[in-house]
Amino acid sequence: MMDTARLEGLGLQLREDVAGTEAVLDLEASPLVNPVTRAFIPEVTFQVMGDRLIPISPPAVVGLAPILIGALSDVADIEALLADAFNEHIFHVQRRSAELQVLGLTPRVEPETLELSTDVADGELSVTLVSDRLGNFRVARVSRGREELPSGTGHTLELSEFRERAALTGYLVALFGEPASRPQATPVGAGLVRFSDIVEKFGAEALVPPRSSLELLAQLQVEGRPYRFAAARVAGRTFRGLLAGPQGKEWAGRFELDEFPGIVRMVADLLKVAPAAVRLVGPDTPQE
């Protein structure tokens, strides 16, 4: 049960709301500063949830880490923990904004909420990425032309794994690209490079330097349905993989090259079908 006397003893003003008990912290003596608007934040309202204080107002602090009441001895502890969480968020906004700019993307910071977001576009596909208070990006909106795709939201990704904008764009296209009744062939003359071409021209013993980027995209049919498998090198022999189908993402994760069983086997295992049901589709493959 909540000890109201203890919370009041910590310097918090309590009030009852339809959602429960709220606690207001007066920051007039040491206010937080919104780095975008330069406005002071003179007070913060918390929702009291059991043994936690959850910031709910103003918008600039919503989403910051809860404060454990049991770890507090006086109001200075609350102020210090709140300031640490707020400053950590600002650090992540600055860090992620710089990474977006390196990728050639435009970071946006909403002045009141301090939410960082950006748009990644490829043709008619547009994906809005939003960062949480710890700098983790998720897909907040996906649209193709004038059609919004609500099923695409919520997918998370680690921005630092993408060294170039093209890698991030390719990943999102593989995840949310135009669905079709069958995989569409891409003309070889349109910039497509097959691994068989590389092996033929450079030989099977040619090496990829340890820090070079490496990406691949495979189109498949599984029991007549179209799928895309994308993989990108993270570092060394570690890769990031993605399998997307007609309904969007089926799987995403990391794998080691030495443990990778091959595209067909991996897709069969992920979709729980026989390997014979998985067929790689290339530019020269006749369509059924």
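Arg52 has Leu68 as its bridge partner in strand S7. The model shown here is predicted. Strand S6 covers residues 52–57, and two bridges pair S6 with S7 in the antiparallel sense.

**The sheet around S6 and S7**

These two strands belong to an open sheet of five strands, ordered S1-S2-S5-S6-S7, with antiparallel pairing. S1 (13–17) and S7 (67–68) stand at its edges. Each of the two has a single partner strand, so one side of each is left without a neighbour in the sheet. A helix crosses here too. H2 (residues 75–102) lies across S2 (20–26), S5 (43–49) and S7. The helix runs at about 90 degrees to S2.

Is Ile41 buried or exposed? Ile41 is buried, because its relative accessible area is 7%, where under 20% counts as buried. The residue is found in strand S4 (residues 40–41). Which residues does Ile41 contact, leaving aside its neighbours within four places in sequence? They are Leu27, Pro31, Leu32, Pro58, Ala60 and Phe86. Val61 is 20 residues from Ile41 in sequence, and the C-alpha atoms of the two are 9.5 Å apart.

**The sheet around S15**

Another open sheet of five strands has the order S17-S16-S15-S14-S18, with antiparallel pairing. S17 (248–256) and S18 (278–281) stand at the edges. Each has a single partner strand, so one side of each is left without a neighbour in the sheet. On average, neighbouring strands of this sheet are turned by 25 degrees against each other, direction ignored. Helix H3 (residues 165–176) packs on the sheet and touches S14, S15, S16 and S17. The direction of H3 makes about 35 degrees with that of S16.

S15 spans residues 225–235. Why is S15 described as largely enclosed by the rest of the structure? Eight of its eleven residues are buried, so the rest of the structure largely encloses this strand.

Val222 has Arg225 as its bridge partner in S15. Leu220 stands opposite Tyr227, also in S15. In S16, Gly241 is the bridge partner of Ala231.

Which residues make the nonpolar surface patch of about 410 Å²? Val193, Phe195, Ile198 and Phe202 make it. Phe195 lies in helix H4 (residues 195–202). The relative accessibility of Phe195 is 42%, so this residue counts as partly exposed.

Note on methods: Residues numbered from 1 in each chain as written. Predicted model: local features only at pLDDT ≥ 70, side-chain atom pairs only at ≥ 80, totals over all residues. Heavy atoms only, no water. Buried < 20%, exposed > 50% of the residue type's maximum accessible area, 1.4 Å probe, protein only. Helix = DSSP H or I, 4+ residues; strand = E, 2+ residues; numbered from the N terminus. Pairing = 2+ DSSP bridges. Axes fitted to C-alpha atoms, helices over the stretch in contact; angles between N-to-C directions. Contact = heavy atoms within 4.5 Å. Patch = residues over 30% accessible without salt bridge, like charges linked within 9 Å, V, L, I, M, F, W, Y side chains within 5 Å. Areas by Shrake-Rupley, 256 points an atom, 1.4 Å probe, with all protein chains shown as cover. Salt bridge = Lys/Arg side-chain N within 4 Å of Asp/Glu carboxyl O.
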